[in-house]
Amino acid sequence: MDIEVDHYSALDLPSGEEGAKLSEIDISKAYRKKALELHPDKRLDDPINAHLNFQKLKASYDILKDDKKRKLFDEMIQLQQQQQQDSKRRKMMSFVPDINLARLEEEERIAIKLLGEIARIREILLSKKESSEMCVDKEKVLKVSWSKSGEGYTCQRLRELFSNFGEVEHVIMGSSSKNKKRSYALVEMLTKADAAKAVSSSGLTGLLIVPLVSL
């Protein structure tokens, strides 16, 4: 699912919390109105772009009329807006050096990107009818980081280590272009209890483990 596209705005609807409260009737009504405006039959002077824009409109409507896809999109929008608000709040209130502020913002950006990757994988599984749950529970997701000068960790190695605390659902690797000294990954546990055990463990030397919900 493309988080860069605001599917509510595509239908001339309010986004964020207001968009999440809209009914199916509101969405269908907005789509019909916008479809009449963008229909290729009314834009004969530019048929190629008219067809493309109409297909984008229909793609946005298909996501919003699907309860599970819409719920996932709402959560991703909310997470993105929260990240932006936290970033602004730090700039206004924090007295840490600018370099530390930039590092925190970069780590948040990485976490958002990796969380989006987990959501994308869940959507693929759902389309194949291999999973019935799309929502990403941040309390089950751990942000793991380690020094690049130390032991190198792979998806398989992290899965083996965190399996000591319970079943591991996903391991998504990521790296920061700005932080040359540390590597990052997200580990999604099956339950919140398993995630809590991993955070409180002292047996994973060299790994910094932080619950995603605390970022």
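In which strand does valine 210 lie? Valine 210 lies in strand E4 (residues 207-211). The close-up views below come from a predicted model, in which local features need pLDDT of at least 70, side-chain atom pairs count only at pLDDT 80 or more, and totals for chains, interfaces and linings use all residues. Residues are numbered from 1 along each chain as its sequence is written, and side-chain values use heavy atoms, with hydrogens and water left out.

**View A. Valine 210 in strand E4.** Helices (H or I, at least four residues) and strands (E, at least two) are DSSP runs, numbered from the N terminus. Valine 210 counts as partly exposed because its relative accessible area is 24%; buried means under 20%, exposed over 50%, and partly exposed in between (1.4 Å probe, protein chains only). The C-alpha atom of valine 210 is separated by 5.7 Å from that of leucine 142, although the two residues are 68 apart along the chain.

**View B. Helix H4, residues 47-65.** The expected span of a helix is 1.5 Å times one less than its number of residues. Helix H4 has 19 residues, so it should span 27 Å, and this agrees with the 27 Å between its end C-alpha atoms. Buried residues in H4 include Ala50, Phe54, Leu57 and Tyr61.

**View C. The aromatic pair of tyrosine 8 and phenylalanine 73.** Rings of Phe, Tyr and Trp (its six-membered ring) pair if their centres lie within 6.5 Å; planes under 30 degrees apart count as stacked, over 60 as edge-to-face and the rest as tilted. A search of the whole structure finds four aromatic pairs. In one of them, tyrosine 8 and phenylalanine 73 are tilted, with 5.9 Å from centre to centre and 40° between the planes. This pair links distant parts of the chain: tyrosine 8 is in helix H1 (residues 7-10) and phenylalanine 73 in helix H5 (residues 67-93), 65 residues apart. Tyrosine 8 counts as buried because its relative accessibility is 0%. Phenylalanine 73 also has 0% relative accessibility and so counts as buried.

**View D. The aromatic pair of tyrosine 31 and tyrosine 61.** These two rings are stacked, 4.0 Å centre to centre, with 5° between the planes. Tyrosine 31 belongs to helix H3 (residues 24-38) and tyrosine 61 to helix H4, 30 residues apart, and the pair links distant parts of the chain. Both tyrosine 31 and tyrosine 61 are buried.

**View E. The salt bridge of lysine 65 and aspartate 62.** A salt bridge is a side-chain nitrogen of Lys or Arg within 4 Å of a carboxyl oxygen of Asp or Glu. The structure holds eight salt bridges. Between lysine 65 and aspartate 62 the N to O distance is 3.6 Å. The two residues are separated by about one helical turn because they are three residues apart in helix H4. Lysine 65 is partly exposed at 48% relative accessible area, and aspartate 62 is partly exposed at 29%.

**View F. The salt bridge of aspartate 194 and lysine 197.** The side chains of these residues meet at 3.6 Å, N to O. Both residues lie in helix H8 (residues 192-200), three residues apart, about one turn of the helix. Aspartate 194 is buried, with a relative accessible area of 11%, whereas lysine 197 is partly exposed at 43%.
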